Every structure is written in C-alpha cells, then in structure tokens.
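Me: I'd like to learn how to read a protein model, one feature at a time. Can you take me through this one?

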Amino acid sequence: MKKDDLIEIVIEDLGVDGEGIGKTDGITFFVKDTVIGDRVEAKIMKMKKTYGYARLMRILEPSPARVEPRCAYARQCGGCQLQAMSYEAQLAYKVNKVWNHLTRIGGLTGLPKPEILGMEDPWRYRNKAQFPFGTDKDGHAVTGFYAARSHRIVPCTECWLGVEENRPILEKILNHMEKRRIPAYEEESGKGLVRHVLIRKGFSTGEIMVCLVLNGRTLPGLSALTASLKQVEGMTSISINVNQKNTNVIMGREMIPVWGKDYITDRIGEISYQISPLSFFQVNPVQTRKLYETALEYADLKGEETVWDLYCGIGTISLFLAQKAGRVYGVEIVPEAIEDARRNAALNGFSNVEFYVGKAEEVLPEKYRSEGIRADVIVVDPPRKGCDAACLETMVKMQPERIVYVSCDSATLARDLKYLCSEGYEVKKVKACDMFPGTVHVETVVLLTHKSPDSHIDVK
Ligand code: SAH
C-alpha cells in the first residue's frame, strides 16, 4: 500500500480528535470525517510502518449512527468533531471512551459502563463565543472561524453551539466597520484595529456582554455602535479590551469600560457569579449544574465537614460545597481567578470558605507539613494533564474519607485512580457528563472512599 492508493475500510473507533479509525490488511488507518460503523472508500495520504492517514472519498455504506450535520460548516470548522453522529451515538461513544480508559489504563476490574448525563437539547449550549475578525479578498471585513490548521477566516456568523444573539451582534459590528471603513486586524503586518469580539450571556439572567478586542484603545464612531448594540435584548455590558501584542493570545490585560456594568451575572443552582470579560466561567451552565450536583452528592456532606477543593478556578465548586459543608478551602494557581472566587463568596454571603493562590502540589504539602491540615473530603478538578504526583501523595497522607475526582480527561483520570487505588482507596461511583455535545470531550466524576477504616495505618 502506498500514497494515493484507494482503500476500502470499515470505521471501528474514533481517535482523540474524533478521526475515524479502521484496519485493512493489518494496517491501521486514520480517516477524518467518518463515523463509527461507516464503510468508506478512502485515499491514502501518508503511510507509516504500521499505520497511515487516508482521506474520505466516498461513503459506501453509512453507519446507522450517521446523521446530516446541522451546521453547513461542520467539516470545514472541525470544532464539532462528532456532528455527523446522532446524539445517542455520541453519548454511547463517550461512555465507552471513559469505560475503556478506566478499565485499560486504570486497571479497574468489574466496572459497569457508567451512566452519562446528556442534554435534552444538545444545541446552543455555549454561553461564550470569541469570533476572530479579518478581511476578505475584496477588502470587506469578515468574521467567522479559522479554517483548520490556519488563521484564514471562513465567514460565518451562525454557530449552532452559540446563542442566537451572536449573529445580530456580529452583523451590527460588521456593518459598522463597513460604514466607517474600520480595518480588521492583520496578523502578518500587525496593522488594523478589530481583532476579536467576545460575547457572553448569562443563561439564567438573560444578561449579555460584548467585549471588542482591539489593537488600540478606541473605535471610530464608538457611540453609534454602542447605541446600536444596546438595542439587543439583554445587553448590559459593553467594553473594550486592548491587545496590541503580536500574539495568538486573544485577550490583552487592559479593560476599558464603554457602557453598562463591567460584568454580567449568572447563576448555577442557587449560587450567583459575577463574570467579567477576563474571568473563566464554565461554558455550558446547564450541564455544569448537573456536574456539580453530582460532585456534591458524592461528597455526601452533613454540615460539619472540612473540605478541600483543589484546582478550584473561580470557586464554582467550592461555593457549591460550602452550602453543605462546615468549612471549604480552595486552591488555584491563577491569582485573578482567586480574586473572582473571593468576590463571589462574599456576593453569596459565604463566610466558611477560604482561598489560597498557588499550585495544588505545593500549597497542600506545605500546609500539611506546617499546619497539619486535615480533610474529610477532598475534591479535585484538575486540567487535562491530571493531578501532580506530589498532590496525590499528600491527599493520601491526609486520609480523607472521600475523594471526589472531577475530570476533563479520562486517560489522566484513569492514571491517577490507579495510584489512589494502590494507596488504600477504592472507586465507588462513576458518572460521565456531556458538557460539550458535538465534540469528543467528556467530563467524568468519580467517588473514591477508603477501603477500610483501618487501612490508614498501613499508609506511609
Ligand atoms: N473547578 C473549577 C475550574 C477547573 S479547571 C471550575 O469548575 O470552574 C482547572 C483549574 O486548575 C484552572 O482554573 C487552572 O487555572 C487550575 N490549575 C492548573 N494547574 C494548577 C495547579 N498546578 N495547581 C492549582 N490549580 C491549577
């Protein structure tokens, strides 16, 4: 088999980026834009010793899970790797992915396939959108998404994952740029003004925020644009973010308020959060609530417990736990996130939460050594790479009755569970949660408890 050969292949699995995987003559091929169960004709693009990459040419027999993507740009954009799969099949794929990782990497035996919390309506779930701006070949300002592996903008003001208000807001900005001849930013030359537009919506309050990311500090005709944007129902905050650096990072550090408040408010469950353009906030609030309720249920708090929430971000989970715990301590590496966490704790009237800035793997061991801190429950929600070894070791030394592990990467979750299970803990419950329908991502919540009340004697 060599480059440009046509092969026939049945897709049996999906890779980490959603590309189809199948075998022919003992060689594994990766074929983008296919779905598990498809029989396809593909053209070999690249051959390695034991595997190759092929391009989808023709679907010979579609998978029963195959559906027509709702978005006309699904294949070009690549943001939704699973849009050609029915939602039921997406959920089944995610359950299998989690189960496979926990079984194969985590070595958990006898684990039943976990339940997954899916969405009733898996569209328009994102409360945040960041649209890049550019110029088309006729010199008109455009916005949309970057074509795969490039910074060429494919014009598109409608994304089915985002809120309906995105489109009128973007059109108003494009019209204004056209009328006033305002140039979009150009990465190569560093010239031009409008780089990105950030739009956020509070799903429970209906409040909308627009933040113009500019290569400058103001925009010609800003008051006219503001007057027009104010007409969008729910608009409560308009601001400028200054980013004059030649970088891929979307937002700069300086904010200039233009109109309204400099934040929007949203609620998850009973708790309110103030969200500014630079704050981190979970993008799917409907599923976030289900995820945090599961974490809270697993923590099984009675009211007196001491709880540590590691990798706490803006304290979203910490405040959820603080409703039921005696005392909650949050640890997070980003100082601005901790500022938000403290403000949100005060906003909701919590006096039983305390936050520390620093690395979980440094703060926890240090506090354990110097103050002998203890915990009834430890909750962790680390980034994709999972928990640091020093953090896990201290957790084991602290001997909490329960550990609740919230994870956005089931492979590193499985690695960490293997360690915790070798150190006296056992996995009691596992639930997956679909925070990002249409994509390959899946969140998992795991409850671990002590194997026996005496086992802590054996742990060094
Ligand atoms: N629990 C939060 C955020 C989870 S995302 C929520 O649900 O909103 C993971 C968080 O871990 C991020 O905020 C990231 O800044 C933080 N982080 C990354 N590495 C860290 C480390 N070594 N120690 C502490 N926090 C870290």
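Predicted model: local features only at pLDDT ≥ 70, side-chain atom pairs only at ≥ 80, totals over all residues.

Me: Is leucine 91 buried or exposed?

Reply: Leucine 91 counts as buried, because its relative accessibility is 15%. You'll find leucine 91 in helix α2 (residues 87-104); helices (H or I, at least four residues) and strands (E, at least two) are DSSP runs, numbered from the N terminus.

Me: What is leucine 91 in contact with, leaving aside neighbours within four places in sequence?

Reply: Contact means heavy atoms within 4.5 Å. On that basis, leucine 91 is in contact with Ile116, Gly118 and Asp434, once neighbours within four places in sequence are left aside.

Me: Now salt bridges. What's the general idea?

Reply: Side chains of opposite charge can pair when their charged atoms come close. The rule here asks for a side-chain nitrogen of Lys or Arg within 4 Å of a carboxyl oxygen of Asp or Glu. By this rule the structure has 26 salt bridges.

Me: Which strands hold arginine 39 and glutamate 61?

Reply: Those two side chains form a salt bridge, at 3.3 Å from N to O. Arginine 39 sits in strand β4 (residues 39-47) and glutamate 61 in strand β5 (residues 51-61), so this pair, 22 residues apart, links distant parts of the chain. Arginine 39 counts as partly exposed at 26% relative accessibility, and glutamate 61 counts as partly exposed at 44%.

Me: What does arginine 124 pair with?

Reply: Its side chain meets that of glutamate 164 in a salt bridge (3.8 Å, N to O). Glutamate 164 is in the loop between β9 (153-155) and α3 (166-179), and arginine 124 is in the loop between β6 (115-117) and β7 (128-135), so the pair ties together parts 40 residues apart in sequence. Glutamate 164 is exposed, with a relative accessible area of 57%.

Me: How many residues apart are arginine 167 and glutamate 171?

Reply: They are four residues apart in helix α3, so about one helical turn separates them. Arginine 167 forms a salt bridge with glutamate 171, with the closest N and O atoms 3.4 Å apart. Arginine 167 is partly exposed at 36% relative accessibility, and glutamate 171 is partly exposed at 35%. Salt bridges that share partners join Arg124, Glu158, Glu164, Arg167 and Glu171 into one network.

Me: Last one: which polar atoms lie by the ligand?

Reply: A polar contact is a pair of N or O atoms within 3.5 Å; within protein, one must be able to donate a hydrogen and the other to accept it, and residues adjacent in sequence count only if both atoms are side-chain atoms. Tyrosine 292 has a polar side-chain atom 2.4 Å from an oxygen atom of the ligand. Glutamate 332 also has one, 2.7 Å from an oxygen atom of the ligand. With isoleucine 333, a polar backbone atom is 3.3 Å from a nitrogen atom of the ligand.

Key. Residues numbered from 1 in each chain as written. Heavy atoms only, no water. Buried < 20%, exposed > 50% of the residue type's maximum accessible area, 1.4 Å probe, protein only.
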